[in-house]
Amino acid sequence: MNFQPHDRGVISRYREFLPLTPATPVISLNEGSTPLIYSPRLSERTGRRVFIKYEGLNPTGSFKDRGMTMAMSKAAEDGAHTVVCASTGNTSAAAAAYASRGGLKCAVILPAGKIAMGKLVQAFVYGATVVAIRGNFDDALRLVRELGADGSVAIVNSINPHRIEGQKTASFEIIDELGDAPDLHILPVGNAGNITAYWKGYREFHALGRSTRLPRMLGFQAAGSAPIYFGQVVEKPETAASAIRIGNPASWSGATDAITTSGGGIDIVTDEEILAAQAWLARNEGIFVEPASAASIAGLFKCVASPCATCPHPRVPEGGTIVCTVTGHGLKDSDTAMRGRNYAPIEAEADLDSVRRALEA
Ligand code: F0G
């Protein structure tokens with residue numbers, strides 16, 4: 001049997017582009033290599049070739065696994081016994097899973113009452129110690145920085161540069177699959193680590209001659225949680241897309257760099273636009289994503305509907321290529337997907353006539 005442990009995760013796939021040593025223990029769940037799905041209906045609607053990078057198909061259901069395999073492996077190499085993170089839910093799920101995989105202890109600090117149930121249950125099931133604070137994500141991240149200051153615990157938020165290193169592999173995969181970088185890359189922005197990581201990945205492969213061009217980077221924030229768009233910290237961020245309910249992003253400068261040097265932009269979408277895009281993507285392309293992820297699709301629609309000064313979409317040539325990252329699986333937050341919609345089964349007796357009548361109704 002030709003079996004090699006960890007022969008499929010992002011560390012093994014892109015080892016030469018990551019800061020590893022021969023001594024780094026690889027803590028992996030075969031993350032990455034997610035599908036880049038061509039989207040016929042989005043392409044038709046936009047007049048561009050649109051692809052969806054479906055990051056919800058990672059082992060814990062979000063893109064966070066890419067960064068977590070790196071952060072956890074490096075923490076173990078450095079001799080850490082405990083990792084800690086603040087989270088809106090996905091980072092904590094990934095940290096808890098990779099910590100259990102690596103035999104480390106994990107503590108997660110979460111904003112009380114603001115974590116989707118599918119994510120909260122992950123932290124518990126994977127065995128993390130869960131602390132819910134009376135505060136928001138930005139408060140939780142401040143506390144995590146304070147907890148990590150004496151070096152007794154390893155921080156695995158994206159302020160840990162190893163997280164960014166792992167997450168940049170998504171750009172590598174896109175270039176490897178398309179044969180070049182897209183014209184435009186759209187993604188949701190919360191703490192801004194991911195847009196920073198994608199841009200780093202695109203630049204690195206471009207510098208190595210693996211792509212002929214660099215994409216414009218276009219980030220979307222939820223309108224009620226849009227510090228980068230408005231250029232100021234939001235003290236009380238609000239949005240139904242709880243994953244990106246962040247008022248003071250840690251990688252703000254990374255996002256600004258990605259946007260400005262790529263000739264891209266940052267824009268906002270409302271909760272209504274986000275939830276409509278979530279439903280549209282599921283019904284029209286068969287892809288169910290969590291609300292934060294649907295910000296990419298809502299953003300793409302906004303670009304088509306009303307080209308604006310900060311939006312580079314009009315400069316994508318007809319037939320040009322757009323990649324939208326959808327960051328987390330829809331099952332993470334089924335409550336929000338159900339809310340405000342009249343999803344209810346048609347009740348019927350257990351006989352053929354009743355079922356036929358129900359189907360015709
Ligand atoms: N989409 C999802 C599903 C997320 O969980 C996050 C961030 C983002 C987008 C934004 O990515 O922060 O790199 O700009 N979630 C973090 C968490 C904050 O704690 O799970 P970002």
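The predicted model holds 16 salt bridges, each being a side-chain nitrogen of Lys or Arg within 4 Å of a carboxyl oxygen of Asp or Glu. One of them joins the side chains of E173 and R13 (3.9 Å, N to O). E173 sits in helix α8 (residues 169-178) and R13 in helix α1 (residues 10-14), so this pair ties together parts 160 residues apart in sequence. Helices here are DSSP runs of H or I with at least four residues, numbered from the N terminus.

Next up is a pair of helices. The axes of α12 (residues 271-285) and α13 (residues 291-305) come within 7 Å and cross at roughly 90°; axes are lines fitted to C-alpha atoms over the stretch in contact, with angles running from 0 to 180 degrees between N-to-C directions. That makes α12 roughly perpendicular to α13, a label for angles of 65 to 115 degrees. Residues making the contact (heavy atoms within 4.5 Å) include W280 of α12 and F301 of α13.

As for the numbering, residues count from 1 along each chain as its sequence is written. Local features need pLDDT of at least 70, side-chain atom pairs count only at pLDDT 80 or more, totals for chains, interfaces and linings use all residues, and side-chain values use heavy atoms, leaving out hydrogens and water.

Methods
Helix = DSSP H or I, 4+ residues; strand = E, 2+ residues; numbered from the N terminus. Parallel < 35°, antiparallel > 145°, perpendicular 65-115°, else oblique.
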